[in-house]
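Please look over the sequence and the structure shown here before reading the notes that follow them.

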Amino acid sequence: MPCPQPASAIPRPAAHHRLPAATPRSRPAVTFQISPLPATEFAALFGLSDEALHGRLARRVVVDRPNAFPCRVSLEDAQPGEAVILANYAHQAADTPFRATHAVYVREGAAPATPAVGEVPAQLRRRTLSLRAFDDTGMMIAADLAEGSRLEPVVEALLADPRTAYLHAHFAKQGCYAARIDRA
(Lines give C-alpha, C1' and ligand atoms only; values in the text may rest on other atoms or scores of the structure.)
Protein backbone atom coordinates (compact mmCIF):
# COMPACT_ATOMS: atom_id res chain seq x y z
CA MET A 1 0.00 0.00 0.00
CA PRO A 2 1.54 3.32 -0.98
CA CYS A 3 1.95 6.00 1.63
CA PRO A 4 -0.97 8.43 1.69
CA GLN A 5 -0.53 11.68 -0.18
CA PRO A 6 -0.33 14.96 1.69
CA ALA A 7 -3.64 16.78 1.84
CA SER A 8 -2.22 19.40 -0.54
CA ALA A 9 -1.72 16.69 -3.22
CA ILE A 10 -5.33 15.48 -3.23
CA PRO A 11 -6.99 16.40 -6.55
CA ARG A 12 -9.53 19.21 -6.23
CA PRO A 13 -12.74 19.51 -8.26
CA ALA A 14 -12.88 21.85 -11.24
CA ALA A 15 -13.42 25.50 -10.31
CA HIS A 16 -17.03 25.52 -11.49
CA HIS A 17 -17.83 22.59 -9.15
CA ARG A 18 -16.16 24.03 -6.05
CA LEU A 19 -18.09 25.09 -3.01
CA PRO A 20 -17.30 28.55 -1.64
CA ALA A 21 -14.09 28.50 0.39
CA ALA A 22 -14.64 28.16 4.10
CA THR A 23 -13.69 31.22 6.07
CA PRO A 24 -12.32 31.05 9.59
CA ARG A 25 -15.72 32.25 10.84
CA SER A 26 -17.78 29.75 8.83
CA ARG A 27 -15.95 26.65 10.05
CA PRO A 28 -15.34 26.05 13.73
CA ALA A 29 -11.73 25.26 14.60
CA VAL A 30 -11.01 21.71 15.66
CA THR A 31 -9.51 21.81 19.13
CA PHE A 32 -6.64 19.48 19.86
CA GLN A 33 -4.52 18.12 22.71
CA ILE A 34 -0.82 17.26 22.41
CA SER A 35 0.30 14.42 24.68
CA PRO A 36 3.80 13.32 25.75
CA LEU A 37 5.01 9.79 26.26
CA PRO A 38 4.38 8.41 29.77
CA ALA A 39 7.36 8.72 32.13
CA THR A 40 6.57 5.31 33.62
CA GLU A 41 7.65 3.66 30.36
CA PHE A 42 11.23 4.81 30.91
CA ALA A 43 11.72 5.16 34.69
CA ALA A 44 13.51 1.82 35.12
CA LEU A 45 16.11 2.66 32.47
CA PHE A 46 17.86 5.36 34.47
CA GLY A 47 19.10 2.96 37.16
CA LEU A 48 20.67 0.57 34.64
CA SER A 49 24.34 0.26 33.77
CA ASP A 50 25.46 1.19 30.26
CA GLU A 51 25.80 -2.53 29.48
CA ALA A 52 22.25 -3.24 30.63
CA LEU A 53 20.97 -0.28 28.60
CA HIS A 54 22.60 -1.71 25.48
CA GLY A 55 20.71 -4.95 26.08
CA ARG A 56 17.46 -2.95 26.02
CA LEU A 57 18.33 -1.07 22.81
CA ALA A 58 19.06 2.08 24.79
CA ARG A 59 22.04 4.36 25.44
CA ARG A 60 22.94 7.01 28.01
CA VAL A 61 23.95 10.22 26.21
CA VAL A 62 25.32 13.50 27.57
CA VAL A 63 23.75 16.49 25.84
CA ASP A 64 26.42 18.51 24.03
CA ARG A 65 24.37 21.32 22.46
CA PRO A 66 21.08 23.14 23.04
CA ASN A 67 17.83 22.33 21.22
CA ALA A 68 19.12 19.01 19.87
CA PHE A 69 17.90 16.42 22.41
CA PRO A 70 14.09 16.64 22.63
CA CYS A 71 12.63 14.82 25.65
CA ARG A 72 9.37 13.07 24.71
CA VAL A 73 8.10 13.10 28.31
CA SER A 74 8.62 16.76 29.27
CA LEU A 75 8.30 17.98 25.66
CA GLU A 76 11.30 20.22 26.43
CA ASP A 77 14.81 20.10 25.02
CA ALA A 78 17.46 18.76 27.41
CA GLN A 79 20.21 21.22 28.34
CA PRO A 80 23.95 20.82 27.61
CA GLY A 81 25.63 18.68 30.25
CA GLU A 82 22.39 16.85 31.12
CA ALA A 83 22.34 13.04 30.78
CA VAL A 84 19.45 11.58 28.78
CA ILE A 85 18.45 8.09 27.74
CA LEU A 86 18.12 7.36 24.03
CA ALA A 87 15.71 4.43 23.79
CA ASN A 88 13.81 2.58 21.11
CA TYR A 89 10.08 3.05 21.68
CA ALA A 90 7.03 1.47 20.01
CA HIS A 91 4.95 4.59 19.43
CA GLN A 92 2.64 2.92 16.88
CA ALA A 93 1.93 -0.54 18.26
CA ALA A 94 -1.14 -1.26 16.09
CA ASP A 95 -1.17 -4.58 14.25
CA THR A 96 -1.00 -2.94 10.83
CA PRO A 97 1.70 -2.32 8.22
CA PHE A 98 2.20 1.05 9.97
CA ARG A 99 3.44 -0.51 13.24
CA ALA A 100 6.49 1.55 14.14
CA THR A 101 9.28 2.08 16.64
CA HIS A 102 11.94 4.74 16.69
CA ALA A 103 14.57 6.32 18.89
CA VAL A 104 13.41 8.83 21.51
CA TYR A 105 15.26 10.91 24.11
CA VAL A 106 14.03 10.99 27.70
CA ARG A 107 15.34 13.16 30.54
CA GLU A 108 15.78 11.56 33.97
CA GLY A 109 13.11 12.65 36.39
CA ALA A 110 11.31 14.66 33.73
CA ALA A 111 7.85 15.77 34.76
CA PRO A 112 5.32 14.85 32.09
CA ALA A 113 4.27 17.82 29.98
CA THR A 114 0.69 18.98 30.43
CA PRO A 115 0.05 21.37 27.55
CA ALA A 116 -3.28 23.17 27.60
CA VAL A 117 -5.82 22.37 24.90
CA GLY A 118 -4.50 23.90 21.66
CA GLU A 119 -1.08 24.69 23.16
CA VAL A 120 1.99 23.74 21.13
CA PRO A 121 5.14 23.28 23.28
CA ALA A 122 8.21 25.32 22.24
CA GLN A 123 10.09 22.09 21.46
CA LEU A 124 7.60 21.41 18.63
CA ARG A 125 7.31 25.07 17.59
CA ARG A 126 10.98 25.31 16.61
CA ARG A 127 11.04 22.26 14.32
CA THR A 128 9.59 21.09 11.03
CA LEU A 129 7.11 18.30 11.73
CA SER A 130 5.68 15.41 9.77
CA LEU A 131 2.08 14.81 10.80
CA ARG A 132 0.54 11.39 10.23
CA ALA A 133 -3.19 10.78 10.58
CA PHE A 134 -4.38 7.32 11.65
CA ASP A 135 -7.85 5.80 11.72
CA ASP A 136 -9.20 3.79 14.65
CA THR A 137 -7.58 0.59 13.33
CA GLY A 138 -4.09 2.13 13.19
CA MET A 139 -3.97 2.58 9.41
CA MET A 140 -2.44 5.79 8.13
CA ILE A 141 -5.00 7.72 6.12
CA ALA A 142 -3.24 11.05 5.50
CA ALA A 143 -0.01 12.89 6.16
CA ASP A 144 1.39 16.38 5.78
CA LEU A 145 4.36 18.55 6.72
CA ALA A 146 4.17 21.68 8.87
CA GLU A 147 6.52 24.20 10.36
CA GLY A 148 6.00 24.07 14.12
CA SER A 149 5.43 27.82 14.11
CA ARG A 150 2.41 27.26 11.83
CA LEU A 151 1.22 23.89 13.13
CA GLU A 152 -2.40 24.61 14.09
CA PRO A 153 -4.00 24.88 10.61
CA VAL A 154 -2.45 21.59 9.47
CA VAL A 155 -3.46 19.77 12.68
CA GLU A 156 -6.98 21.18 12.41
CA ALA A 157 -7.28 20.13 8.75
CA LEU A 158 -6.16 16.56 9.48
CA LEU A 159 -8.43 16.25 12.53
CA ALA A 160 -11.38 17.66 10.57
CA ASP A 161 -11.50 14.40 8.62
CA PRO A 162 -14.02 12.23 10.53
CA ARG A 163 -11.96 9.12 9.73
CA THR A 164 -9.00 10.46 11.73
CA ALA A 165 -8.76 8.90 15.19
CA TYR A 166 -5.42 10.52 16.18
CA LEU A 167 -2.25 12.09 14.80
CA HIS A 168 1.39 11.35 15.37
CA ALA A 169 3.89 14.19 15.05
CA HIS A 170 7.42 13.29 13.99
CA PHE A 171 10.47 15.49 13.72
CA ALA A 172 10.76 15.72 9.94
CA LYS A 173 14.54 15.89 9.72
CA GLN A 174 15.37 12.71 11.70
CA GLY A 175 11.95 11.07 11.43
CA CYS A 176 11.75 10.47 15.19
CA TYR A 177 8.39 10.30 16.95
CA ALA A 178 7.62 13.55 18.77
CA ALA A 179 4.12 13.43 20.29
CA ARG A 180 0.53 12.29 19.89
CA ILE A 181 -2.24 14.72 18.98
CA ASP A 182 -5.92 14.03 19.65
CA ARG A 183 -9.14 15.98 19.31
CA ALA A 184 -9.87 17.79 22.58
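This is a predicted model: local features need pLDDT of at least 70, side-chain atom pairs count only at pLDDT 80 or more; totals for chains, interfaces and linings use all residues.

Residues are numbered from 1 along each chain as its sequence is written, and side-chain values use heavy atoms, with hydrogens and water left out. Helices (H or I, at least four residues) and strands (E, at least two) are DSSP runs, numbered from the N terminus.

**Strands and sheets**

- Strands E1, E8, E7, E5 and E6, in that order, make up an open sheet of five strands with antiparallel pairing, where two strands are said to pair if DSSP finds at least two bridges between them.
- At the edges of this sheet are E1 and E6, each of which pairs on one side only, and the twist from one strand to the next averages 25 degrees, with axes taken as lines fitted to C-alpha atoms (for helices over the stretch in contact) and angles running from 0 to 180 degrees between N-to-C directions.
- Within the sheet, E5 and E6 run antiparallel and are joined by seven bridges, and Ala133 stands opposite Ala142 in E6.
- E2 also pairs with E3 in the antiparallel sense, over five bridges, and Ala58 has Ala87 in E3 as its bridge partner.
- E3 pairs in turn with E4, again in the antiparallel sense and over seven bridges, with Arg107 in E4 as the bridge partner of Val84.

**Nonpolar cores**

- A nonpolar core is a set of buried Ala, Val, Leu, Ile, Met, Phe, Trp, Tyr and Cys residues joined through side-chain atoms within 4.5 Å; buried means under 20% relative accessible area, exposed over 50%, and partly exposed in between, with a 1.4 Å probe and protein chains only.
- The largest nonpolar core has 25 residues, and those with the most contacts inside it are Ile34, Leu124, Leu131, Val155 and Ile181.
- At least two residues of this core come from each of E1 (32-35), E5, E6 (140-147), H3, E7 (166-171) and E8 (177-183), and H3 gives the most, with four residues.
- Apart from this core lies another, of 15 residues, among them Leu37, Phe46, Val73 and Ile85.
- Leu131 is in contact, leaving aside its neighbours within four places in sequence, with residues including Ala142, Leu151, Val155, Leu158, His168 and Ile181, where contact means heavy atoms within 4.5 Å.
- The buried residues of H3 are Val154, Val155, Glu156, Leu158 and Leu159, and what covers them includes E1, E5, E6, E7 and E8.

**Salt bridges**

- A salt bridge is counted when a side-chain nitrogen of Lys or Arg lies within 4 Å of a carboxyl oxygen of Asp or Glu, and by this rule the count comes to 10 salt bridges.
- Arg107 forms a salt bridge with Glu76, with the closest N and O atoms 3.1 Å apart; Arg107 lies in E4 (residues 100-107) and Glu76 in the loop between E2 (58-62) and E3 (83-92), so the pair ties together parts that are 31 residues apart in sequence.
- Arg107 is buried at a relative accessible area of 18%, whereas Glu76 is partly exposed at 44%.
- Arg127 and Asp77 also meet in a salt bridge, at 2.7 Å from N to O; Arg127 lies in the loop between H2 (122-125) and E5 (128-134), and Asp77 in the loop between E2 and E3, so the pair ties together parts that are 50 residues apart in sequence.
- Both Arg127 and Asp77 are buried.
- Glu152 forms a salt bridge with Arg125, with the closest N and O atoms 2.4 Å apart, and this pair links distant parts of the chain, with Glu152 in H3 (residues 152-160) and Arg125 in H2, 27 residues apart.
- Glu152 is partly exposed, with a relative accessible area of 21%, and Arg125 is partly exposed at 29%.

**Cysteines and a loop residue**

- The structure holds zero disulfides, a disulfide being a pair of cysteine sulfur atoms within 2.5 Å.
- Cys71 is buried at 0% relative accessibility, and Cys176 is buried with a relative accessible area of 12%.
- Thr114, found in the loop between E4 and H2, is exposed, with a relative accessible area of 70%.
- Thr114 and Val73 are 41 residues apart in sequence and 9.7 Å apart in space, C-alpha to C-alpha.
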